[in-house]
Amino acid sequence: MQLLRAIGFFRGNILIFSATIGAGIFVSPKGVLKYSSLNVAVSLSIWAACAVLTLISALSHAELGTTFPRSGAQYYFLKRSLGSSVAFLSLWIKLFTHPLRLATETLLLSTYTIQPFYAGCPAPELPKKCLALAILWSLGLLNTRGVQKVALFQTISTVTKMTVLCFISITGIVLLGIGKKENVARFENAFDAELPNVSQIAEAFLQGLFAYSGTSILNSIAGEIKNPGENIPKSLITVLPMVAVIYLLANVSYLAVLTPREIISADAVAVTWTDKIIPSMQWVISFGISTSIFSSMCCTVLSASRMIYTASQEGQLPLIFSMLNNHSCPTMAVSQIIILTSVVIITSDLINLIKYSGLAIWFLRGLHMIGLLKLRYQEPNLPRPYKVPLPFIFGCIAISLFLILTPLIQAPKIEHVYGLIFMFSGLLCYWIHVHLNQHSVCFVKITCYLQLLFNVSPPEDHDEGTSTGKNDLKEIFVNKKL
């Protein structure tokens, strides 16, 4: 029994759409506007810049998954390039950032689902959280059915989410084309508002980049992708420009209907937008958005479970997390993510969840690029099917430094200190793991009981994950391998 290479180019595109277009486009407009000082021109410029930065970052990280085509490629790459301690640090951070993202999306999904029952007033917190937990655990059950079932569901959900976003975008374009003063006014005076400072711009970028934070999904499941050396970069080049256009048009549509203050005061921007345009369609839009967010959450669980699976194979987590069920799915790894997210759901400040998880994500992306440079120097002859240009790598490092250091220097807060202490406390946990808590007899017995309880078994072989062949970006996108 082993993970199956069942994802081709088409399904890879679908997974990127599903992972990227989720909660972000319905939450981030609020955060981007808030930290842009309600300046419409700055807000739209940041959305455009986020698209460019995401494409650069995604293409840079594609080298990780194509060089080491195995599930959890980012984790394995860090262990190979920067050592076990840095790999464990990334594992430590992601064990919390993945649940943070899932909690954000689950709470937003429950808000969109339950809000139509409370027209004219905010939905109570208790029903929202109970519904969020029910959604989360049903999501876990879907993932235990294997990657092929997940990919089939994503194909259906992607059609739904694209329909909703196209409707929002086209409606905004039509309203601007009609030229009513109330719709056009905010764009005519786009440059009149005050400009944000550097720290606010960095915070706004974190909010906008959250909407693109699912672009590494194919790296996370590289061990289940057919011909990853060609399909990973080709899928990114195909999908991300389309997502960028959709995001820009959706934001223009929001601003054509709602004032900036209405947007930042709305918990569910798209529902508020629909309520103002076509109130009778609120249920339809809510269903479409709920499907969109659910499919993105499904990809997050898929990605997170593969990271835990690989860490278990490498000996940094208990062996039980790398065991597979009859559907070739690491059931215990999925369960771990679901349990951690259930704990996080008690926190409901979505903007803060986005901000703190965004800082950690870009810290790890910076580490990946440093590891990429080190591996290029130490192992220049390592087979690389896809090789990213060096300016992209240095650009990603510069972006990471800007997003992390600017808020710390310009507007330091005690929360930032807590975040740094938390991230580097992972090194202490690594020391405890290595020196004090190695495989005890008691833990082996627990693993055996869990293996029988969940009907899972170790994978038959251990994929070394080294790829062969070599192409540049143009060759991968234009030509097919024979």
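**Helix α17 and its surroundings**

Let me start with the residues of helix α17 that are buried: I393, C396, I397, I399, S400, L403, I404, T406 and P407. Please bear in mind throughout that this is a predicted model. Helix α17 covers residues 390-410, which makes 21 residues. From its first C-alpha to its last, α17 reaches 29 Å, close to the 30 Å expected at 1.5 Å a residue.

Where does the kink in α17 lie? The kink is at I404, shortly before the proline P407, and amounts to about 25°. Both I404 and P407 are among the buried residues of this helix.

I now turn to the chain as a whole. Its secondary structure consists of 20 helices and zero strands. The chain has 482 residues, and 58% of them are buried. Consider next the contacts between residues at least 6 apart in sequence: 84% of these join residues at least 24 apart. The accessible surface comes to about 19,700 Å², and carbon and sulfur atoms account for 68% of that area.

Why may we call α11 largely enclosed by the rest of the structure? The reason is that 23 of its 30 residues are buried.

S303 lies in helix α14, which spans residues 282-313. Is S303 buried or exposed? Its relative accessibility is 10%, and S303 therefore counts as buried, since the cut-off for that term is under 20%. Leaving aside neighbours within four places in sequence, S303 is in contact with H98, I217 and S220. S303 also lies 8.5 Å from S216, C-alpha to C-alpha, although 87 residues separate the two in sequence.

Finally, I come to the surface. Which residues form a nonpolar patch there? They are L133, W137 and I339, which together have about 280 Å² of accessible area. L133 belongs to helix α6, residues 125-143. With a relative accessible area of 32%, L133 is partly exposed.

Thank you for your attention.

Key
Residues are numbered from 1 along each chain as its sequence is written. This is a predicted model: local features need pLDDT of at least 70, side-chain atom pairs count only at pLDDT 80 or more; totals for chains, interfaces and linings use all residues. Side-chain values use heavy atoms; hydrogens and water are left out. Patches are made of residues with over 30% relative accessible area and no salt bridge: like charges are joined within 9 Å, nonpolar side chains (Val, Leu, Ile, Met, Phe, Trp, Tyr) within 5 Å. Accessible areas come from the Shrake-Rupley method with a 1.4 Å probe; for residues, only the protein chains shown count as cover. A salt bridge is a side-chain nitrogen of Lys or Arg within 4 Å of a carboxyl oxygen of Asp or Glu. Helices (H or I, at least four residues) and strands (E, at least two) are DSSP runs, numbered from the N terminus. Buried means under 20% relative accessible area, exposed over 50%, partly exposed in between (1.4 Å probe, protein chains only). Contact means heavy atoms within 4.5 Å. The expected span of a helix is 1.5 Å times one less than its number of residues. The bend at a residue is the angle between axes fitted to the seven residues ending there and the seven starting there.
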